[in-house]
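Hello,

Here is the structure I promised to pass on. Please open it first, then read my notes below.

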Amino acid sequence: MEEPTLILASPRSNYHAFLPISLMGGFLRELSEHPRIKVWFAFVAAYANFLGTNSSVDHVLGSFLSLKRYPERTLHRWAKYYGPIYSVWLGNQLFVIVSEPGIAKGLMATHGAVFSDRKEMFIKSQTVLVGRGITASPYSKRWRKHRRIASLWLSRKAVESYTHVLDFEATDMISHLHRDCGNGMADVNPQVYADQCSLNNMLTITFSFRTDSAHHPMVALALRLSREFMNITGPVSNLVDFVPILQRLPSSMRCRARTLHSKLVNVYGGLIKEIAEKMQAGGEVQDCLVKTMLLRKEKEALDELDVTMLASAFIIGGIETTASVMQWFTALIPAHPHVQTRAQEELDRVVGRDRLPTVEDEANLPYCSAIVKEVERCHNPFWLGTPHMANRDSAYGEHLIPKGTVVVLNTWTMHHDPERWGSPMEFAPDRYANEQLHSSASAKLPNPKERDHWIFAAGRRICPGMLVAEREIRLTVSRMLWAFDTHPIAGKPIDLNEYDGESGRSPMPFEVRLRPRFPGVRKILEEESERWRIGSTSHC
Ligand code: HEM
């Protein structure tokens with residue numbers, strides 16, 4: 001039988017020509033914050049030379065700037081040139097970039113036993129999460145244990161048990177927007193409300209705690225920690241992850257990572273301590289992830305860092321992602337009034353104007369569901385996802401993928417394939433008109449080309465928070481459409497191309513006008529809030 005050829009070409013191959021661009025990009029970012037920048041520049045140039053490239057530092061810097069802002073688009077350009085699977089080096093690390101659904105499924109799902117590992121990145125895994133948080137853990141017994149515990153709070157049954165929390169927070173968000181929108185006369189930034197809604201859902205599920213206002217100090221703190229995590233743990237942004245010698249040198253990135261670790265331990269570890277003390281004193285603690293972990297601590301052999309980092313992973317994984325989708329929805333709608341009108345016709349027909357849409361209405365609101373999927377296709381919160389790593393040598397077709405190779409899903413290319421998505425740059429919910437399945441079910445379709453999108457990635461490490469994320473997003477989006485006409489503001493254009501964040505993708509701050517659709521909106525929101533106040537707010 002013919003030997004497979006190594007997917008990686010030799011160091012001076014075309015593939016390798018890409019190396020200094022990405023590599024030096026991360027490196028320069030790291031070093032540009034360092035006072036002895038000139039010495040480092042010399043080092044960069046020497047390194048580029050050592051790699052055998054002719055790139056000047058200027059050239060490297062120029063490419064870096066475009067990569068830094070839109071790395072997914074650079075990967076897309078390369079995919080067009082090199083095809084649906086190609087490799088690049090970053091430092092001592094070989095990356096394989098996958099840009100086609102069939103290959104993605106083949107590697108990550110069919111060969112899941114090989115491609116479910118994680119590289120223990122210096123910044124993310126070793127320094128911030130110290131080998132614990134489920135998301136960065138290698139494919140090991142510890143990961144299986146953490147994934148099992150996470151599933152206790154993210155399975156279908158679990159999500160059903162706290163859907164009232166998602167319902168309450170969605171109503172609370174709409175009520176606050178209604179209060180602050182000045183009946184369509186005030187300029188409102190809906191991002192703050194989406195952030196607080198996502199945060200409260202995750203805080204309740206994780207710590208049985210919620211914030212009662214967007215000005216609660218926990219809101220700003222938790223969002224800052226999440227954003228810092230996203231900004232310093234991008235899969236291709238830190239050269240220090242791939243050049244071991246740099247890990248011994250002081251750098252701003254290492255310092256930020258250590259600070260972030262300490263803050264996670266102080267903030268979320270502090271909340272855990274409070275819960276533990278309350279439980280020890282015989283006080284009542286509502287069911288939540290932390291309570292589950294504390295009750296199983298001995299049996300599951302969980303130490304304090306396990307509990308803290310798993311709780312942190314829930315908060316980090318659950319805030320920026322769902323909030324980002326809600327934010328992109330509100331940013332896109334003013335530019336697509338016909339989409340808003342059609343969704344509202346559907347809502348009037350199915351739900352009417354005497355009550356809010358609920359989870360039970362979902363199946364009868366296909367156009368609202370299509371809007372959510374289209375927002376997700378156009379604006380994946382993580383274009384590069386969380387890379388997987390091969391835990392042994394493997395062959396894909398004629399290619400050898402060596403053990404230790406990091407595999408990245410290039411979801412930008414997959415979401416913008418003109419054959420699958422005709423006019424892929426257009427926001428057109430109609431493309432999902434016949435799509436009946438939730439994303440969690442769509443991920444299991446035998447034909448990966450028919451899958452709705454890839455924002456939750458694939459295989460054994462597929463996002464376990466899919467069900468809660470979908471439910472939360474659908475509830476808030478359908479209620480926003482039911483309650484308000486969202487309008488753009490003259491002189492305050494919304495930028496749909498630029499984004500805020502290094503590896504997470506939220507829209508830049510923007511404002512809209514929200515006009516309640518009919519006088520009854522206020523009354524229904526007041527009745528709902530009253531119902532919660534009297535009956536069920538005890539969940540938090
Ligand atoms: C729109 C919302 C969300 C998106 C786009 C998203 C996306 C992702 C992606 C791309 C991964 C990496 C999967 C892989 O390695 O193949 C992931 C992992 C993960 N997500 Fe989500 N996520 C979302 C919401 C949530 C929520 C609400 C939670 C709730 C806690 C959550 C918890 C996690 C966890 C714990 C992991 C780590 C899984 C592992 O490594 O085994 N996510 N998510």
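Helix α17 covers residues 366-378 in this predicted model. At 1.5 Å a residue, its 13 residues should span 18 Å. The end C-alpha atoms of α17 are 18 Å apart, which agrees.

Is α17 enclosed or open? Eleven of its 13 residues are buried, so the helix is largely enclosed by the rest of the structure. The buried set includes Tyr367, Cys368, Ile371 and Val375. Charged-type names turn up there too: Lys373, Glu374, Glu376 and Arg377 are buried. The buried residues of α17 pack against four helices: α15 (304-332), α16 (337-350), α18 (411-415) and α21.Next, the ligand. Of the 27 residues around it, Gly317, Thr321, Ala457, Cys463 and Gly465 come nearest. The elements that give two or more residues to this shell are α8 (141-154), α15 (304-332) and α21 (466-483). Which element gives the largest share of the shell? That is α15, with seven residues. By type, the shell divides into 16 nonpolar, nine polar and two charged residues.

Now the strands. β2 (residues 85-90) and β3 (residues 93-98) pair in the antiparallel sense, over six bridges. Why call β2 largely enclosed by the rest of the structure? Because five of its six residues are buried.

Two loop residues deserve a look on your screen. Most residues other than glycine have a negative phi. Val130 has a positive one, near 40 degrees. You will find Val130 in the loop between α7 (122-128) and α8. Val130 has 15 other C-beta atoms within 10 Å, so it is partly exposed.

Asn183 lies in the loop between α10 (163-180) and α11 (190-207). Is Asn183 buried or exposed? Asn183 counts as exposed, because it has 11 C-beta neighbours inside 10 Å.

Best wishes

Terms used: Residues are numbered from 1 along each chain as its sequence is written. This is a predicted model: local features need pLDDT of at least 70, side-chain atom pairs count only at pLDDT 80 or more; totals for chains, interfaces and linings use all residues. A residue is near a molecule or strand if its C-beta atom, placed from the backbone, lies within 6 Å of it. A residue is buried if 20 or more other C-beta atoms lie within 10 Å of its own, exposed if 12 or fewer, and partly exposed in between; C-beta atoms are placed from the backbone. Two strands pair if DSSP finds at least two bridges between them. The expected span of a helix is 1.5 Å times one less than its number of residues. Two residues are in contact if their C-beta atoms, placed from the backbone, lie within 7 Å.
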